[in-house]
Amino acid sequence: MNRLRRFLIAGALVLASCHPVSLNTARAPTWGSPHELRIGVVSDPYSLNPLFAVAQTSIDGASLYTETLVGLNDHNELIPLVAERVPSRANGDISSDGLSITYHLRRDERFADGVPLTSRDVAFTYHVIMDPRNPVSEPQPYHEIAALETPDSHTVRIRLRRPWAAAVSELFAMSDFGYGILPAHAFPAGTDIAHADWNNHPFGSGPFRVTAWRRGDEIVLEPNAYARRRPALRRLTIKIIPDRNSMFIALRTHTIDLADLTEEQVKQARALADVRVVNTPNNYTVYLEFQTQRAPTDDPLVRRAIGEAVDRDALLKNVFLGLYPPATTEIPPVLWAHDSALQPTPFDPKSAAADLDRAGWRLINGGRYKDGRPLQVEFSFLGTNQQNRRLATEVQAQLRAVGIDTVLRGYPSTLYYAPASAGGIQYGGHFNMAYGGWYGGTDPEQSESLTCDRRAPDGSNYSRFCNAEYDRLFAAQKVTFARESRRRDFVEMQRIVRANAIYDFLAYPTTYTAINPGLRNFKPNMLFEFWNSEAWDVP
């Protein structure tokens, strides 16, 4: 689910810094109505309940009207939201054994109907997440909680099953998912809320409240009069637009004020005098992923040869239009655990040929054969995406140059990400090589998905890689609260992944956002754009 949601995000521009940078720096004319903002998105949400959100825009959008205990600022640092402070060992809110986390709630948090937010609401939200009747997008992290207690109305104490260094970054936090606190009093029927009316008319303690959801058209939000973070805008409208081309036209004609751009639209947007373009590095990596238990990619020499035969620079130029930096590991540079010593796999067809020779695949009449069988790999990707098709075609030609026959398989997302029991391509392992992407969370742990217990079909380790040393390092970092010690573990994990050629890393996409030049205080972080919506304004 994480991969499906995050892979749908629009791409962006290369940036060495961890902070958004504005292009089109000359002062440009503004448009629209004062103190009103219109945001364009291309899909209508399945639900407005933050616990059920699976699309990037839905998760981000839920932060407009609900709040997590802990947030993330534009420096990619944890900040307190509903909590008075971020729990740590230094402030005594994380116990010395790492098993207990205490959250002290702010006393001035109120829902949009004026009711105070208390520990009862946090407990209710937890029980909703754990109720199997609810289609919660990613409940697994909350199974790490052994008990949740509420000693008083403004204290929440979590007891973990085992020490977990990333817990504060993941639980009730703005991370890969953002589970805002629900108002318990709005659900008189209890924790089975799958069909609750609140899902269509939500309110929380965030800066805004939803006043209308016209499906397929727009979501209208106005200030939450009781919000602690009072917004400067008097109205915020999310306009639902059917496709990216129509979105760009709406931007040019000033019927929306903010829209993420596709790679093809970046050049056009930068040429517009009345548009400002902001680009933000993301915790996002795209790559070719190998299925390590299916021949011929069960052989590390074959996987390594494919990586050496892929001309990454050509793909960055021709497919990603020169907008992204080359990727080197599964942990992007925006995270403190990124191993900067690792360099991109060099494009080296001669080394690729030598590795294939060592693996026993002989070159005969332009093709590779072993025991009379041709060397053939099945390359799977989302066939509904034009960029994916272009990339697959280029990779096919590059591999053909070293004698590898590549069969292209384009699939709809419903089949590509379906469970193995339903014939799903990734969960079912029906590929040798797949074009994929991973958008992590606020902690490096959420960029690592290759433990043995997560092997597909039971988890998101689609490559089905299993390595005892990798698992040992992953377990060690979970219980080590010293950042430098955790960093050493993550560096070794990245090097194990590289040594075993599990991925051929391609790019670190960043997000391009075109905005009304009059919009102030738009400062996205590596995960979300809406975290500080209360500070936005169009004078």
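Residues are numbered from 1 along each chain as its sequence is written. Because the model is predicted, local features need pLDDT of at least 70, side-chain atom pairs count only at pLDDT 80 or more, totals for chains, interfaces and linings use all residues, and side-chain values use heavy atoms, with hydrogens and water left out.

**Glu-67**

Glu-67 sits in the loop between α2 (56-62) and β3 (70-72); helices (H or I, at least four residues) and strands (E, at least two) are DSSP runs, numbered from the N terminus. With a relative accessible area of 2%, Glu-67 is buried (under 20% relative accessible area; exposed is over 50%, partly exposed in between; 1.4 Å probe, protein chains only). Residues in contact with Glu-67 (heavy atoms within 4.5 Å), not counting those up to four places away in sequence, include Val-82, Glu-109 and Ile-181. The table gives side-chain polar contacts of Glu-67. A polar contact is a pair of N or O atoms within 3.5 Å; within protein, one must be able to donate a hydrogen and the other to accept it, and residues adjacent in sequence count only if both atoms are side-chain atoms.

| Side chains | Polar contact |
|---|---|
| Glu-67 and Ser-205 | 2.8 Å |
| Glu-67 and Arg-229 | 2.8 Å |

**The sheet**

An open, antiparallel sheet has three strands in the order β5-β7-β6, where pairing requires at least two DSSP bridges between two strands. β5 (100-104) and β6 (145-152) are at the edges with a single partner strand each, so one side of each has no neighbour in the sheet. Five bridges link β6 to β7 (residues 155-160), and Leu-148 has Ile-158 in β7 as its bridge partner.
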